[in-house]
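Dear colleague,

Please find below the structure that I am handing over to you, together with its sequence. My notes on what was found in it follow directly after.

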Amino acid sequence: MSLIPAKPVLVADAAVQRPSREQALEAVRTLIAWAGDNPDRPGLVDTPKRVVDAYGEWFEGYEADAAKELSRTFEDVTGYDDMVILRDIEVESHCEHHMAPFLGKAYVAYLPGEKVVGISKLARVVEIFARRLQNQETLTNDIIDAIESHLQPRGVAVMLDAEHQCMTTRGVHHRHVSTITTRFTGAFKDDPALMDRFLKLAKA
């Protein structure tokens with residue numbers, strides 16, 4: 001087994017030494033055995049590789065930089081001063097408590113100040129933070145803080161609506177229950193009518 005670690009990754013303001021791929025494969029084999037099965041039987045012998053590859057995709061947000069996505073902005077908005085809203089952005093994330101998926105939609109709006117950004121970049125910011133371990137409340141905050149920090153808009157609104165499999169497939173086993181989180185800054189927070197219009201447009 002190779003014990004040479006990969007490069008450190010920055011997680012929650014602390015450098016974490018990432019284990020080698022072989023160490024990750026061995027960890028999956030251990031979990032299979034702990035679950036009560038034989039990791040060397042034909043149906044499972046390649047499962048560690050598939051799981052590690054899947055984790056590389058599910059958690060690729062640790063290698064991505066939201067600031068970079070928002071760094072290219074445009075200043076010519078020809079007088080546009082109303083909200084820019086993206087609806088139904090797919091959210092595929094994993095909760096930090098059980099590492100179980102939570103799946104849903106994100107609704108993101110901002111009121112441009114002097115800068116606007118390509119709309120695909122907003123969806124990419126959602127994706128970057130979703131592909132990390134966290135809870136839905138943290139994900140909501142991370143999205144809005146990145147937009148606030150790098151665009152300096154007059155206000156930002158974010159709503160997430162997701163179903164958590166740690167609740168639907170274990171524990172209380174309540175299916176079709178969704179969790180909604182919201183956060184508003186600037187004009188969206190100060191103006192109830194603007195906040196209400198965002199919520200209506202998000203669910204229109």
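Asp161 and Lys203 form a salt bridge in this predicted model, with their closest N and O atoms 2.9 Å apart. Asp161 belongs to strand S8, whereas Lys203 sits in the segment after helix H8 (192-202), so the pair ties together parts of the chain that are 42 residues apart in sequence. Asp161 is buried, at a relative accessible area of 15%, because the cut-off for that class is under 20%. Lys203, at 44% relative accessibility, counts as partly exposed.

This pair is one of 16 salt bridges that a search of the whole structure finds. Another joins the side chains of Arg18 and Glu63, at 2.8 Å from N to O. Here too, distant parts of the chain are linked: Arg18 lies in the loop between strand S2 (14-17) and helix H1 (21-35), and Glu63 in the loop between H2 and helix H3 (66-69), 45 residues apart. Both ends are partly exposed, Arg18 with a relative accessible area of 31% and Glu63 with 44%.

Arg131 is buried, with a relative accessible area of 12%, while Glu127 is partly exposed at 30%. Through shared partners, salt bridges join Glu60, Glu69, Lys121, Arg124, Glu127 and Arg131 into one network.

The 16 residues of H5 should span 22 Å at 1.5 Å a residue, and the end C-alpha atoms are 23 Å apart, which agrees. Buried in this helix are Gln136, Leu139, Thr140, Ile143, Ile144, Ala146, Ile147 and Leu151. They cover an arc of only 150° around the axis, which puts them on the same side of H5. In general terms, an α-helix has 3.6 residues a turn, so residues three or four places apart point the same way.

Both ends of H5 have features of their own. At its start, a side-chain oxygen of Asn135 comes to within 3.2 Å of the backbone nitrogen of Glu137. Just after the helix, Gln152 adopts a positive phi of about 45°, although Gln152 is not a glycine. This residue lies in the loop between helix H5 (136-151) and strand S8 (155-164), and at 45% relative accessibility it counts as partly exposed.

His176 likewise has a positive phi, of about 60°, without being a glycine. His176 is located in the loop between helix H6 (165-168) and strand S9 (178-185). With a relative accessible area of 68%, His176 is exposed.

Ser93, in strand S4 (residues 84-95), is buried, with a relative accessible area of 0%. The side chains of Ser93 and Gln134 are joined by a polar contact of 2.6 Å. On the surface, Tyr55, Trp58 and Met99 make up a nonpolar patch, and their accessible area together is about 280 Å². Of these residues, Trp58 is found in helix H2 (residues 47-58) and counts as partly exposed, at 37% relative accessibility.

With kind regards

Conventions:
Residues are numbered from 1 along each chain as its sequence is written. This is a predicted model: local features need pLDDT of at least 70, side-chain atom pairs count only at pLDDT 80 or more; totals for chains, interfaces and linings use all residues. Side-chain values use heavy atoms; hydrogens and water are left out. Patches are made of residues with over 30% relative accessible area and no salt bridge: like charges are joined within 9 Å, nonpolar side chains (Val, Leu, Ile, Met, Phe, Trp, Tyr) within 5 Å. Accessible areas come from the Shrake-Rupley method with a 1.4 Å probe; for residues, only the protein chains shown count as cover. A salt bridge is a side-chain nitrogen of Lys or Arg within 4 Å of a carboxyl oxygen of Asp or Glu. Helices (H or I, at least four residues) and strands (E, at least two) are DSSP runs, numbered from the N terminus. Buried means under 20% relative accessible area, exposed over 50%, partly exposed in between (1.4 Å probe, protein chains only). The expected span of a helix is 1.5 Å times one less than its number of residues. The arc is that of the directions from the helix axis to the C-beta atoms. A polar contact is a pair of N or O atoms within 3.5 Å; within protein, one must be able to donate a hydrogen and the other to accept it, and residues adjacent in sequence count only if both atoms are side-chain atoms.
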